[in-house]
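Q: Could you help me learn to read a few features of a protein model? I am new to this one.

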Amino acid sequence: MTQYLDLAAGIAARVRDGELGPGAELPAVRVAAEEAGTTPSTVARAYRHLADHGVITQADRRRARVAAGGPLAARQLLDEGRVFRLAGSDDPALQVVLDGLDASVRVVGARGSFPALRALVRGEADGAAIHLRHRCGDYNTPFARALLRGRDPHLLHLWRREQGLIVPPGNPLAITTPSDLHGRRVARREPGSGTRVLLDQLVHEAGATPGPLSADYGSHFEIALAVAAGAADVGLGVRAAAADLELDFVPLTWESYDVVLPESALGAAGPLVAALSEPAVRETITAMPGYDLAATATIERIAERVSHR
């Protein structure tokens, strides 16, 4: 009963490993049956299984061929049932995606871009959701390239999101730039989070020194809550968090929010990729202010730099 699954898995492994590339033609059913020492019906069933999972394409009276997205589909098929461990930064839209997923994706570790990258490097996570601007000006790519050297780094693009200053309605202190944060009670994320890194960069560049606060906050919603409750004059966070509590928002920048992962985890990430493409999920996130989904669910391979010695 499982012979067709074993046969399909063997073909999927060849597609995954590049032995059979996109467009490659598979043997005719009868030829493949003779080569495998099985029946044509078993091969036909294996081909249907591969086609149902997007590894190959089949057309009437034509040979089966490896699909354009066959390598990724093959990884997903072979990793079916594997839990994708996701570490990463807090984001309201990501929570929407995760709420619709089953146990195939599990959130691990502490929130924040830096803790997520540490978990990824240590093997405690399969992917890290981050939003870190490198000193060269690029987001996320330099960190993926450096920390996953030799592991074929990739970026799963989630979205671009708008970060800015969250202030009370009417902006009573007329805070419009990072320089206006000098001496103010600024609600801050915990050290190691991408938003805290961004805040530290902005106040350093502006030459501002915020006033002291007794606590750091664990999410964008908590930042907005601190401002709404009067515990802080201003906070740095995403536009969606300000809108949730009907606060004013001073836009500062758009940033790329991506999942960094090695090639070996692409298959296990399949359910997350599928969820990102769900129309209902996209509609919900699109309705949230401050999100751009133009590149959502696309996967980019990060070329590793060649050392010249």
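Q: Are the faces of strand E5 buried or exposed?
A: Here, buried means under 20% relative accessible area, exposed over 50%, and partly exposed in between (1.4 Å probe, protein chains only). Strands (E, at least two residues) and helices (H or I, at least four) are DSSP runs, numbered from the N terminus. In E5 (residues 127-130), Gly127 and Ala129 on one side are buried, and so are Ala128 and Ile130 on the other. This is a predicted model: local features need pLDDT of at least 70 and side-chain atom pairs 80 or more, while totals for chains, interfaces and linings use all residues. Residues are numbered from 1 along each chain as its sequence is written, and side-chain values use heavy atoms, leaving out hydrogens and water.

Q: Which bridges join E5 to strand E3?
A: Two strands pair if DSSP finds at least two bridges between them. E3 (residues 84-88) runs parallel to E5, with 3 bridges joining them; Leu86 has Gly127 as its bridge partner in E5.

Q: In which sense do E5 and E9 pair?
A: They are antiparallel, again with 3 bridges. Ala129 has Val259 of E9 as its bridge partner.

Q: What is the phi of Glu246?
A: In general, most residues other than glycine have a negative phi. Glu246 has a positive one, near 55 degrees. Glu246 sits in the loop between helix H10 (239-244) and strand E9 (248-262), and it counts as exposed because its relative accessibility is 68%.

Q: Where is Asp152?
A: Asp152 is in the loop between helix H7 (141-147) and strand E6 (153-167). Asp152 is not a glycine, yet its phi is positive, about 55 degrees.
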